[in-house]
Amino acid sequence: MPTWADIAWLRSLTTLPLILKSILDPEDAEQAIGTGVDAIAVSNHGARNLDTLPATIDSLPAIADRWPDGFPSSLLEA
C-alpha cells in the first residue's frame, strides 16, 4: 500500500497531473493536497464491496467543508 512519502516521491518525479482516487476521509484529502496532488477523486472504488465503507455522497460534504480556496473545485466521483 502506498504511503504519503510514496506520493511525495512520485510528485517529485513528474509534472504530469497527479490524481488520487478513493479518498473518503477529510484528513486524507487535506494530506493529499498538502503532498502536492493536482486533484482527488472522492470515491469508494465505485461500489460498496464492504459494509464498512461509507457511500461516496456521504463523504463528500465533510471533504468539501475543508476544501482550500484556490484549489481546483471539481470533485470527482468514479
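Helix axes here are lines fitted to C-alpha atoms, for helices over the stretch in contact, and angles between them run from 0 to 180 degrees between N-to-C directions. The structure before you is a predicted model, in which local features need pLDDT of at least 70 and side-chain atom pairs count only at pLDDT 80 or more, while totals for chains, interfaces and linings use all residues. Residues are numbered from 1 along each chain as its sequence is written, and side-chain values use heavy atoms, with hydrogens and water left out.

Let me start with the overall layout. The protein has 3 helices and 2 strands; helices (H or I, at least four residues) and strands (E, at least two) are DSSP runs, numbered from the N terminus. Along the sequence, these elements follow the pattern α-β-α-β-α. Of the 78 residues, 31% count as buried. Buried means under 20% relative accessible area, exposed means over 50%, and partly exposed lies in between, for a 1.4 Å probe and protein chains only. Contact, in this talk, means heavy atoms within 4.5 Å. Among contacts with a separation of 6 or more, 46% join residues 24 or more positions apart.

Now to the two helices. How do the axes of α1 and α2 cross? The axes of α1, residues 4-13, and α2 come within 9 Å and cross at roughly 30°. That makes α1 roughly parallel to α2, because angles under 35 degrees count as roughly parallel, over 145 as roughly antiparallel, 65 to 115 as roughly perpendicular and the rest as oblique. The crossing of α1 and α2 is right-handed. A crossing is called right-handed if the near helix is turned clockwise from the far one by less than a right angle, and left-handed if anticlockwise. On the α1 side, the contact is made by Trp4, Ile7, Ala8 and Arg11, and on the α2 side by Asp28, Gln31, Ala32 and Thr35. These residues divide into 4 nonpolar, 2 polar and 2 charged. For that count, Ala, Val, Leu, Ile, Met, Phe, Trp, Tyr, Cys and Pro are nonpolar, Asp, Glu, Lys and Arg are charged, and the others, Gly among them, are polar.

Ala5 also belongs to helix α1. Is Ala5 buried or exposed? Ala5 counts as exposed, at 56% relative accessibility. The C-alpha atoms of Ala5 and Thr35 are separated by 8.4 Å, although the two residues stand 30 apart along the chain.

We turn next to the interior. A nonpolar core is a set of buried Ala, Val, Leu, Ile, Met, Phe, Trp, Tyr and Cys residues joined through side-chain atoms within 4.5 Å. The largest such core has 12 residues, including Ile7, Leu18, Ala32, Ile63 and Trp67. At least two residues of this core come from each of β1 (19-23), α2 (26-35) and β2 (39-42). The largest share, 3 residues, is supplied by α2.

Leu18 touches Ile7, Leu10, Arg11, Val37, Asp38 and Ala39, not counting residues up to four places away in sequence. Ile63, in helix α3, is buried, with a relative accessible area of 1%. With the same exclusion of residues up to four places away, Ile63 touches Ile23, Leu24, Asp25, Pro26, Ala29, Ile40 and Val42. Ile63 and Glu27 are 36 residues apart in sequence, and their C-alpha atoms are 8.1 Å apart in space.

I close with three further positions. Thr15 sits in the loop between α1 and β1 and is exposed, with a relative accessible area of 81%. From Thr15 to Asp38, the C-alpha distance is 9.9 Å across 23 residues of sequence. Ser22, in strand β1, is partly exposed at 22% relative accessible area. Its phi is near 75°, a positive value in a residue other than glycine. Finally, His45 lies in the loop between β2 and α3 (56-65) and is exposed, with a relative accessible area of 56%. His45 and Lys21 are 24 residues apart in sequence and 7.9 Å apart in space, C-alpha to C-alpha.
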